[in-house]
Amino acid sequence: MNSTLEKLSPTLFTIGIFLFWEAACRAFKIDRFILPAPSEAFMAMVQYWRPLAYHSFVTLWTTLAGFGIAVAFGIALGLVVGWSRTIYRGLYPVMIGFNCIPKVAVVPILIMWFGIGEVPAILTAFLISFFPIVVNVATGLATMEPELEDVLRALGARKLDIMLKVGIPRTQPYLFGSLKVAITLAFVGTVVSETVGANAGLGYQIALAGSNFQMPLVFAALLLLAFEGIAMYAVFAWIEGHFTRWAFRSSMSAAA
Amino acid sequence: MSASVEIGDVTLTYRGVSGGVLALKGTTLNVRRGEFAAVVGPSGCGKSSLMKLVTGLLPPDNGSIVISGAKVTGPVKIAGMAFQNPNLLPWRKVVDNVLLPLEIVQPYRSNFRREKKQYREQAEALLKTVGLGGFGDRYPWELSGGMQQRVSLCRALIHQPSLLMLDEPFAALDAFTREELWCVLRDLWQKIRFTVILVTHDLREATFLADTIHVMSARPGHIVMSKTVELPRPRELEDCFKPQFIDIVHELRAKIGEVRQQ
């Protein structure tokens, strides 16, 4: 009984929030130009399904492209940073500084360099999402048990051996944990870029519909964005659970 | 082939954040081939530094370490090590944890892929001798602490090291499991006769297992007493209650009490 309730609770909560929203809109007669009811947003979704499907697709692929670059770059940089203390100390302030720059401020520069289109969106998604990956991979390497390193070094293991046999495998739970965070950030990056300057994507759709006072359409696009985010998060949560089951069972806790 | 160890007048300073700490000063210690040596002493006397020195993981400031006639200048590449924490890799099955050294040490390393099946059998056989037959395909986190420590011992021994370094390997176990593992280690050593240096706090453990017990002083550590254990082998757990055994423990205890006072 309790476990069924627990299983159903995400669905029930989501439906509950929509019902509350709908009821509030009707009860207080909220103007649809301020806050449309979810029913209106869903109707807009049906009515404009063709452009919404197109823009959703554009946002999804640009996000995944940026995220893919972030994963490759993040792992590579994380390994380099985790490999050597000197590089770690040298690069860390630079990376913190870079991460503090709001990416929305970078988008105009990217548009000047690459023009309006998908490239600035991909790059913004990449720039905003690689940081947690780097930090987690580096942390995974840096927290290796020194005694285990001693065991291997006393056998004549080189640094590369230790990395391949211990460092990289033990980084996995940290990496997969960071991917869940990074994918949602990547969506933020894409939409920021699309809102500032693009001719496709959900961010563009939101900006365009907003300027035409089509609030139900704005909310329809927002809901789709949330849905894409949840779906991708679920994918990476599943991958995490599938590949690093040992991390949840053993005393070693993942990216805490 | 087991190794001999000669530690000659070694000094070691740890460079920490708050300045250097003199860990060892004028430490001299000799271990014959195939000897079981134990090092006991008050906590913080630099016993663990001794482990790092002998395996070449740390260079001494002064003095020399000679293993089987050759001066140690870098990691020795032959030693098996086990610590208080089993440090097993949670993503590897038990048998693959045991096989880890063979993936690193020559000549096994070059043959590893070709001979994997045979190595696996060796690992399974070794696991069986420590009472873990049939556990090879489990994961370390499915095993109890004592069982994990047995796996750790197997990992330290799979490549037939000429020198086994043990740093309080049984300290985290309950009394019964600890005594059980004493016997496991005793039997393994009697079968293979590798050279052992066992660092421990437990005087009964040292007396039960070792041929020679070296007592270290408080920091900076050096050897203040070397005691040969004349008890006949093979020793049984029952022997721990014999007067001769108790006398030795008593004597060691008195000496350690003395160095702690200073």
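Which residue forms a salt bridge with A:Asp161? Let's work through it together.

1. This is a predicted model, in which local features need pLDDT of at least 70, side-chain atom pairs count only at pLDDT 80 or more, and totals for chains, interfaces and linings use all residues. Residues are numbered from 1 along each chain as its sequence is written, chains are lettered from A and ligands numbered from 1 in the order in which they are written, and side-chain values use heavy atoms, without hydrogens and water.

2. The partner of A:Asp161 is B:Arg109, with the closest N and O atoms 2.6 Å apart. A salt bridge here is a side-chain nitrogen of Lys or Arg within 4 Å of a carboxyl oxygen of Asp or Glu. A:Asp161 sits in helix α8 (residues 159–196) of chain A and B:Arg109 in helix α3 (residues 108–129) of chain B, so this pair joins two chains. Helices are DSSP runs (H or I, at least four residues), numbered from the N terminus.

3. Is A:Asp161 buried or exposed? A:Asp161 is buried, at a relative accessible area of 5%, while B:Arg109 is partly exposed at 25%. Buried means under 20% relative accessible area, exposed over 50%, and partly exposed in between (1.4 Å probe, protein chains only).

4. Between chain B and chain A there are three salt bridges. Among them, A:Lys165 pairs with B:Glu103 at 2.8 Å, and B:Lys52 with A:Asp150 at 3.4 Å.
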